[in-house]
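Please keep the model open beside the text.

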Amino acid sequence: MNQRVTGLGRTVVAELVTEIEPLWHERHQARLASRARKRAVGAGARHKLVFVDRLLITLVHLRHGTTHDVLACWFGVDRSTVTRAIGEIRLLLAERGCTVEAGVRLRTLDEVIGHLEISGKTAILDATEIRVRRPAQGTPDRGRFISGKSKQNAVKAMVLTDADGRLPFCGETRPGSCPDITQARASGLVDLLDTGPWVEILADAGYQGLGAQTGGQVITPPHRKFRKNPPPWYEQMHAQAKHAHSSRRIRVEHGIAHLKNWKSLARHHNRREYLPQTIQAVAAVASHQQSTIRPLTTA
């Protein structure tokens with residue numbers, strides 16, 4: 001299998017098969033046994049689509065945004081079979097959580113903050129928008145998905161990366177009209193930092209104010225003290241401080257770009273209700289791929 005098909009190496013795909021296949025078979029058998037049957041479980045026709053093909057179909061769909069009709073033609077099955085397979089495997093991928101290193105997997109924001117305390121690493125906070133279908137006319141709060149930044153209907157996802165751009169967390173989706181700082185507060189980040197350990201989190205100007213609420217744990221670009229007629233020395237000092245902060249924070253943009261390489265997060269979405277699950281599934285697979293790459297070293 002060529003790596004360009006899924007964007008993942010053979011080792012990563014093999015690990016996904018080894019981990020997820022038993023879970024899928026267990027849930028499949030439980031679903032068959034959950035209703036009254038005239039035949040024993042396991043009787044009847046066999047699946048045309050084996051588990052490995054189901055996983056590949058889901059990965060190709062997430063990576064390239066390939067339609068269910070095209071995938072059905074490629075694998076010689078009905079479109080409904082592809083739709084059902086993607087729905088099952090996508091859920092299993094979303095439940096995996098983000099892999100930060102071998103044997104360490106994070107699923108909640110609480111676990112991420114705890115891992116940052118133990119590792120002593122700096123995190124970088126940001127949000128990314130994904131276009132979605134406009135709600136139907138007459139839907140209550142129809143305008144809440146309109147983003148003030150992109151002027152389009154979107155869903156906003158909160159992203160945390162480490163200093164190297166690796167993804168320990170991606171989730172907490174909100175409508176596009178939600179400000180970044182409001183999303184961070186609603187996720188419980190402020191409460192976790194207030195009552196938990198000391199960690200350093202870099203953020204952009206959209207999170208101004210979180211630093212005061214978290215005792216300086218969230219670091220944002222420096223404020224501009226001189227609004228009118230600033231002295232030249234202050235302009236130079238302010239520009240250097242902003243540049244130093246941006247140089248450290250830019251890694252989160254690399255992490256978001258790594259997510260947007262998966263076309264399912266880079267295109268218009270017709271089904272908003274499945275988008276949070278899709279985001280978590282892509283983050284789980286992308287972080288697993290990142291964890292297999294040798295860590296960056298500096299001279």
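The largest cavity is lined by T99, V100, H115, L116, K121, D162, R166, L167 and P168. A cavity here is found on a 1 Å grid over the protein atoms alone, as a set of points where a 1.4 Å probe fits but cannot get out, and lining residues have an atom within 4 Å of a point. Two elements, β1 (98-101) and α6 (109-119), each give two or more residues to this lining. Such elements are DSSP runs numbered from the N terminus, with helices (H or I) of at least four residues and strands (E) of at least two. By class, four of the lining residues are nonpolar, two polar and three charged. In that count, Ala, Val, Leu, Ile, Met, Phe, Trp, Tyr, Cys and Pro are nonpolar, Asp, Glu, Lys and Arg are charged, and the others, Gly among them, are polar. The volume of the largest cavity is about 100 Å³, where a volume is the space filled by probe spheres set on the points, with grid points joined across faces, edges and corners.

Before we go on, a word on what you are looking at: this is a predicted model, in which local features need pLDDT of at least 70 and side-chain atom pairs count only at pLDDT 80 or more, while totals for chains, interfaces and linings use all residues. Residues are numbered from 1 along each chain as its sequence is written, and side-chain values use heavy atoms, with hydrogens and water left out.

Look for L265 in the loop between α11 (251-260) and α12 (275-291). L265 counts as buried because its relative accessibility is 3%, and buried means under 20% relative accessible area with a 1.4 Å probe, protein chains only. Leaving out residues up to four places away in sequence, L265 touches I130, L259, K260, L275, T278, I279 and V282; a contact means heavy atoms within 4.5 Å. The C-alpha atoms of L265 and R63 are 8.8 Å apart, although 202 residues separate the two along the chain.

From here we can turn to the nonpolar cores. In soluble globular proteins, nonpolar side chains tend to be buried together. A nonpolar core is a set of buried Ala, Val, Leu, Ile, Met, Phe, Trp, Tyr and Cys residues joined through side-chain atoms within 4.5 Å. The largest one has 35 residues, and L8, L16, L93 and L259 have the most contacts inside it. At least two residues of this core come from each of α2 (10-33), α3 (51-64), α5 (79-94), β4 (154-162), α11 and α12, with the largest share, seven residues, from α12. Apart from this core lies another, of 23 residues, among them V112, L125, I181 and A203.

Finally, step back to the whole protein. Its secondary structure comes to 12 helices and seven strands, and buried residues make up 45% of its 299 residues. Along its principal axes, the C-alpha trace spans about 80 × 55 × 40 Å.

Note on methods: Buried < 20%, exposed > 50% of the residue type's maximum accessible area, 1.4 Å probe, protein only. 1 Å grid on protein atoms, 1.4 Å probe; cavity = no way out; pocket = protein on both sides within 12 Å on 5 of 7 lines; lining within 4 Å.
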